[in-house]
Amino acid sequence: MVIHRLRAEWAARLLLIFLVSGLFVAIMAGRNTAQAVEVHAVMPESGGWMPGNLSAEVNVPLDLRLTSDDVMHGFAVGQQPWPAVAVVPGQFTDLSLIFDEPGIYTYYCTRWCGLNHWRMRGTIEVTGKASDQSSTGSTRQPLYLTLDLDIDASHEVDVQLERPPSAAHGEKLDFTIPSRILTREHYLEQTPFEFWMALRADPGTADLSDTELWDLVAFAWHSQATPDSLLLGQRLYDQNCAACHGDKGNGEGVMARPNLAQSDPDSFGRALLPPGDFTDAQKMLGASSALLQGKIVRGGMGTGMPYWGTIFTADEIQALVDYIWTFMFPLTAGE
Amino acid sequence: MEGPPVTRSTDSRQARYDLTRIPVAKALLVNRWPQFLIRALALSGFLFAIVAGLGGTPVGSRNFSIVFVWIAWWALLILVAVPLAGRGWCTVCPIPMPGEWLQNRALLGPSGKKPPFGLGRKWPKGLRNIWVQNGAFALMALFSAVVLTQPVVTAVILAALLLVATGSSMIFERRAFCRYLCPVGGFIGLYSQTAPIEVRVRDTAVCATHTTKSCYTGSEDGFGCPWGAFPGGLVKNTYCGACLECLRTCPLDNIAINIRPAGADLSQLRGRKLDEAFKAFIMLGSAFVYSAVMLGPWGQLKTAAYGIGSLPWLLYVLAFLVFVFGLLPGLFYVASRASRTLAPTRHTPRRIFVAYAYALVPLGLAAWIAFSLSFVFTNASYILPVLSDPLGWGWNLFGTAGYDWTPFFTQMLPVLQTLVLVVGLAWAGITARRIAQEGNHPAAWRQAIPINLFCLMVTIGFLWLFIG
């Protein structure tokens, strides 16, 4: 009887050891031993990308395993043509990136994951030699820096419009804008108000009213944007800007204050200014394309706007600027 | 004038069917191997939950520790085990196993004449109640929003339960953890009174003449009651862990596993205590708060419940404690005083308050079932992917890792919840009336009116939370 019990006891002990140790052996055997870097996405309030800094070498694949710890996120690398991938809670998305130039790249969230979604950024430092020695890289200096513009300075002008300028009306006017006062450089560097003043000084516009002259400015600004540029600008604007600036560009997006004001004074220690209103004539008519470009590149301005300089290419930013002008200068008044 | 409660029981008149009359059933219950195998598997699962919580994905819906503990296990516990088997979970619970094995120096049966390992101290007299369990449950409830969603926190809680259970076995005799500390065991004990099953002696006279009392002291066939209970004195399930040791140790074959009318213990006059009454309030109040936090549309309430340590969370804690320990018992006290006024009795207000609190047991269980139905049906589909990928490491063991989240029976849910709550309310009403009738007062039914109104108010509150 005693021997029987002892045997049973030892059998129980062995069974337990087998169960528990088997469990741990199975776990260890199943551990993911791949070299991929596991990147967790969590809402910025809880930490953002983890890790937030990655490193890679030129022409060496950077293997990533992306997952979300809370809500749906998206992953994309700024200034790169690779499409964004979804980062789904509880699922892993494997991704392999190859960089052919050294530099610091920014990866960011492409889904509206929360109030501070746009703060969800991380960096990839890529070292090594560029594979294409002739490549100039992304070293072109933004125009606002070349012009030494102070993008934080006030750029309001004292202008009262009877109605929003209309590019369509401007096109119909019997007046050809002299090429000496409207070049690509003028469009990029001049403010609409400066251009309007230049037009006013031209003897050929003596018969035109101030409002007609503004229609002419609207037409001139429209003529500088291509349809492709406007389409690209609209897509980027809808994806990245409309939430704050509003789909009508009036600064009344769903994520604008008071939504921002509820969370940000605690998070960032200051009260935020409202997002820019692209239909505000006093401000827009005193701003140049270069100034708008600078604001997009650098962000800030006390509004909590993120920097986009490492996300968008120069062409994308210009497309955005072209599109932003359409809020001030719609094709037809009231559009 | 008389009122509740007096020392008379109708218990003996109620029908019972002793499962041990079935030879196969008795053999399975007496044999240690079936119970040991289930417990060993449960312990493996428990340890795996800890490992998964610490090392697996932090996404709760993809982690074994959250999905299998708070969805699968909880569903089995509150929807099946407690209502149908009372302390059935305690029979196979793995938490006290390591401590008990160390204490007994054996995994299966008694290991000869070796003394128990550990200090073997008796549990302090002043704490021989369930107040500590009440506090432990309330404490866990305050952190529940995080515990139920974050694998790491769940793992820490599970590990802490295991450590405390093992540690208490090394300091105190028997299963002090189960009997006095376990926050889960506390409410299982409360609601096991409603179960249609019980462990009792067949004939108390046999126990009275049995001088050895091996069911309590132990024998070579089994351990003395790990819960420190004397089976001959058991009148309700609350403090019987259904560990089956007495079935093995009784030399006179006097232990029965009875199928009985559900809720038989609620009519039991002996052993009604204030700590148990407050357990009923804690459970009822917690179900209400959980429902509001997890199912309600109030974002700020959710944020407060999740913001451990923040000012909103402190306010949430304060509101929770006031609601559970102040408002609910306070309103119920008013109702019990009104009962006493409607049919005057010589019994003290406290005694009436405690007696009628047992009417809240079936209502509280119904509230927990109704609450659990919602999130179990909504989240049960997480079980399949987690079964294949329990750690969220990209495994696909059974080919179900890609199974999408699919809520089940959502259209039927309000109907089921309403049905469960109505049954709970009716059961509470019947229980209140039985308690009122214990005093043989001619107008006893009037006493139950304020209690029934209280229960109705609580039920309406739950219906509002569940179906709006």
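This is a predicted model: local features need pLDDT of at least 70, side-chain atom pairs count only at pLDDT 80 or more; totals for chains, interfaces and linings use all residues.
**Domains of chain A**

Nine residues of domain 1 of chain A touch eleven residues of domain 2 of chain A. I sorted the domain 1 side of chain A by class and got four nonpolar, four polar and one charged residues. For the bounds, I noted that the assignment puts domain 1 of chain A at 37–127 and domain 2 at 143–328. I then took the centres of these two domains of chain A over C-alpha atoms, and they lie 31 Å apart.

**Helices H15 and H16 of chain B**

Next I checked how helix H15 (residues 299–306) of chain B packs with helix H16 (residues 311–342) of chain B. The angle is about 95 degrees and the axes are 7 Å apart. An angle of 65 to 115 degrees counts as roughly perpendicular, so H15(B) and H16(B) are roughly perpendicular to each other. I listed the residues in contact: H15(B) supplies Thr303(B), Ala304(B) and Ala305(B), and H16(B) supplies Pro312(B), Trp313(B), Leu315(B) and Tyr316(B). By class, the residues of this contact are six nonpolar, one polar and no charged.

**Sheet of chain B**

Which order do the three strands of the open sheet in chain B take? I read E1-E5-E2, with antiparallel pairing. Strand E1 (17–18) and strand E2 (197–201) of chain B are the edge strands, each pairing on one side only. I followed E1(B) to strand E5 (residues 255–259) of chain B and found two bridges in the antiparallel sense. For Asp18(B), I recorded Asn258(B) as the bridge partner in E5(B).

Key: Residues are numbered from 1 along each chain as its sequence is written. Chains are lettered from A and ligands numbered from 1 in the order in which they are written. Axes are lines fitted to C-alpha atoms, for helices over the stretch in contact, and angles run from 0 to 180 degrees between N-to-C directions. Helices (H or I, at least four residues) and strands (E, at least two) are DSSP runs, numbered from the N terminus. Angles under 35 degrees count as roughly parallel, over 145 as roughly antiparallel, 65 to 115 as roughly perpendicular and the rest as oblique. Two residues are in contact if their C-beta atoms, placed from the backbone, lie within 7 Å. Ala, Val, Leu, Ile, Met, Phe, Trp, Tyr, Cys and Pro count as nonpolar, Asp, Glu, Lys and Arg as charged, and the others, Gly among them, as polar. Two strands pair if DSSP finds at least two bridges between them. Domain bounds come from an automatic or database domain assignment.
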